[in-house]
Amino acid sequence: MKKILLILAVLATAAAFSSCKKDGTKTVLINVTVDESSLDQGLVKPDSYKVTVTNTATTTAVTANTENGKASFAELVPGIYSVEVNAVVVSDGRQYVYSGSQSSVNATDDANVAVAVTASKESALVFKEIYYCGCKIGEGDYDTYFRDQFWEIYNNSTETVYADGLCLTTLSNNYASYDFSTIYKYDIAEPEKYLFVKTVWQIPGDGTQYPVKPGESIVVAQWATDHTAETLGKSGSINLTGADFEAILGQTTLFNGVVITDNPAINMSRVIETGYAMPQWLVSVGDDAIVLFKPSKPLVNENFIASTNGGFTDAREILRSDVLDAVQWRTNQEDGLKDGGLFLPKEIDAGFQFLGATYVGKSLSRKVAYTREDGTAVYQDTNNNTNDFEINNKPVVRRNGAGVPSWNTWTK
């Protein structure tokens with residue numbers, strides 16, 4: 001009996017020492033398990049989560065990355081802790097933010113904590129600057145210019161994304177009447193799942209050919225040339241020779257003799273054209289909506305969807321769930337405020353911008369929400385461009401120091 005009691009005493013002493021530091025202070029162990037049971041099955045799951053445990057009394061925090069969904073924190077001071085779990089996954093131009101927390105975890109002794117995580121889907125890529133309205137190049141009413149349009153797309157996330165396969169489009173004319181009383185209806189099941197478009201331009205690539213790091217942007221020009229050059233005579237315009245992509249099919253001579261040159265910028269592909277096929281892309285200088293999307297299925301340039309109530313009948317349907325970002329504008333504020341005056345459904349863009357006139361040389365740029373410690377800007381994105389964008393007197397390519405992707409070797 002004495003031997004048994006002696007063995008028990010030794011085991012108790014060993015256990016006491018196992019949960020103490022060398023100085024005799026008691027410590028505890030917190031085991032954290034990430035609970036993904038509430039996540040949709042189709043989501044891309046993180047390979048690892050960052051787990052932070054914080055002593056609520058001392059505010060001392062320690063972090064670790066999970067392995068197989070678990071993380072352990074040893075030799076902690078007994079007390080009350082909060083536990084936070086975070087991860088970010090970027091896939092197909094979208095940023096999925098995973099997060100979960102537990103507060104008031106009692107760790108006066110060793111504790112096992114399960115933290116349920118939820119996921120929010122955001123666009124990693126957003127429109128940063130849009131220049132569509134054109135400019136005046138003389139005193140006459142028709143001394144106007146529009147071939148200097150460009151659309152800048154920014155990586156607003158903390159992970160590298162790829163521009164390969166991204167598509168730009170504008171909507172098919174939404175309205176079959178000029179007073180906005182009749183909206184086009186298309187012969188397709190569940191039309192509320194789609195946007196209907198006429199022309200789609202796509203960035204080429206094998207999937208990993210055009211990486212865009214956090215804080216970098218890509219510039220898509222209608223024509224990636226120096227529009228201020230003497231040969232063009234557009235001194236009030238902008239130099240777009242550093243654009244990454246241009247929406248042209250190749251060098252073309254227009255009906256008025258103007259030669260659209262093929263520049264170092266990478267040519268996009270016109271993958272959808274339901275109307276008059278032009279060798280370059282023109283976005284309306286007055287009223288339109290620009291849409292950035294990553295198609296989840298191949299785009300087919302035939303068998304178009306017809307309108308059931310007249311007007312420009314043919315259109316291509318794209319899934320609303322494929323849309324990464326979209327921005328709409330009207331020439332006049334009163335037009336946008338009318339019933340049916342907006343082009344996009346509110347869940348994609350609940351607001352609009354207006355310049356009051358065309359060919360005024362102004363641009364729209366997204367507002368900076370804050371700046372990260374590494375100096376990269378994070379732009380405001382509330383899906384309401386009335387709040388998210390501001391009007392500039394002149395367009396600026398890569399405003400606020402946006403980075404140039406490494407594969408663009410021709411930017412000056």
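A: Asp325, Ala326, Val327, Asp349, Arg366, Asp381, Asn383, Asn384, Asn385, Asp388 and Phe389 line the largest cavity. A cavity is a set of points on a 1 Å grid over the protein atoms alone where a 1.4 Å probe fits but cannot get out, and lining residues have an atom within 4 Å of a point. This is a predicted model, in which local features need pLDDT of at least 70 and side-chain atom pairs count only at pLDDT 80 or more, while totals for chains, interfaces and linings use all residues. Residues are numbered from 1 along each chain as its sequence is written, and side-chain values use heavy atoms, with hydrogens and water left out.

Q: Which element gives the most to that lining?
A: Strand 26 does, with three residues. Strands (E, at least two residues) and helices (H or I, at least four) are DSSP runs, numbered from the N terminus.

Q: And what is the volume of the largest cavity?
A: The volume is about 40 Å³, taken as the space filled by probe spheres set on grid points that are joined across faces, edges and corners.

Q: New topic: how many aromatic pairs are there?
A: The count comes to 11. Rings of Phe, Tyr and Trp (its six-membered ring) pair if their centres lie within 6.5 Å; planes under 30 degrees apart count as stacked, over 60 as edge-to-face and the rest as tilted. Tyr49 and Tyr98 form an edge-to-face pair, 6.3 Å centre to centre with 85° between the planes. This pair links distant parts of the chain, 49 residues apart.

Q: Why does Tyr98 count as buried?
A: Tyr98 counts as buried because its relative accessibility is 0%. Buried means under 20% relative accessible area, exposed over 50%, and partly exposed in between (1.4 Å probe, protein chains only). Tyr49, at 3%, also counts as buried.

Q: Why is the pair of Tyr186 and Phe196 stacked?
A: The ring centres of Tyr186 and Phe196 are 4.2 Å apart and their planes are at 20°, so the pair is stacked. Ring pairs also link Tyr186, Tyr194 and Phe196 into a cluster.

Q: Last topic: how many residues has the largest nonpolar core?
A: That core has 50 residues, and those with the most contacts inside it are Phe127, Leu168, Ile218, Phe245 and Ile290. A nonpolar core is a set of buried Ala, Val, Leu, Ile, Met, Phe, Trp, Tyr and Cys residues joined through side-chain atoms within 4.5 Å. A second, separate core of 24 residues includes Tyr98.

Methods: 1 Å grid on protein atoms, 1.4 Å probe; cavity = no way out; pocket = protein on both sides within 12 Å on 5 of 7 lines; lining within 4 Å.
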